[in-house]
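Here is a short briefing to read alongside the structure. Take a moment to look it over before going on.

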Amino acid sequence: MFSLGGAPELYDQPVKRCKQCGEAKPLDEFYVNATCKDGRRPECKVCNLAGRARKYAANPQPYIDRVKRWQQENSERLNAYRREYRRRPERKTADREGYLMRKYGMTLADYERMFEAQLGDFREEYELFRKAADYLDRDDELAGLVRARVGALGS
Ligand SMILES: [Zn+2]
């Protein structure tokens, strides 16, 4: 154990005093850094994060540039991630709600009421195609097989 002026009995593990806030904290409250003499940074994680937030606020451009560079160098990975993100059911609903509001100034509930009122004789056909579309949405492999078969039949 390190010697402390505070209350070491709070922790049953080695503690270290933060160079910035002066608080004694368990070692895992300090980031690892192999070049520091005890293998941990001199300031605690809370102070470290606060310092980095200040540095970013003072001059955000280098951080923004670094993210943009990464995005350009990893565009395929980023696109795959964004595709997956947009496929989440809650994203789809939110995107649709945003679109309806921007384009027509209506909510999804408004739209669905209008749509229901106009469906009439086509209800059965609509339900069938909607189920098929939902099913294909959930299964890329099946969608690929169906498209390949439709393509083969069409040629
Ligand atoms: Zn601190």
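In what order do the elements of the protein chain run from the N terminus on? They run β-β-α-α-α-α-α-α-α, which comes to 7 helices and 2 strands. Please keep in mind that this is a predicted model.

**Overall shape**
- The protein chain is more spread out than a compact globule, because its radius of gyration is 28 Å, well over the 15 Å that the globule rule gives for 155 residues.
- Along the principal axes, the C-alpha trace of the protein chain spans about 80 × 40 × 40 Å.

- If you take the contacts between residues at least 6 apart in sequence, 10% of them join residues at least 24 apart.

**A closer look at E43**
- You will find E43 in the loop between β2 (24–26) and α1 (45–58).
- Is E43 buried, exposed or partly exposed? E43 is partly exposed, because 17 other C-beta atoms lie within 10 Å, while a buried residue would need 20 or more and an exposed one 12 or fewer.
- Setting aside the neighbours within four places in sequence, E43 is in contact with C18, K19, Q20 and N48.
- A152 is 109 residues from E43 along the chain, and the C-alpha atoms of the two are separated by 66 Å.

Key
Residues are numbered from 1 along each chain as its sequence is written. This is a predicted model: local features need pLDDT of at least 70, side-chain atom pairs count only at pLDDT 80 or more; totals for chains, interfaces and linings use all residues. Helices (H or I, at least four residues) and strands (E, at least two) are DSSP runs, numbered from the N terminus. The radius of gyration is taken over C-alpha atoms; the globule rule is 2.2 Å times the number of residues to the power 0.38. Two residues are in contact if their C-beta atoms, placed from the backbone, lie within 7 Å.
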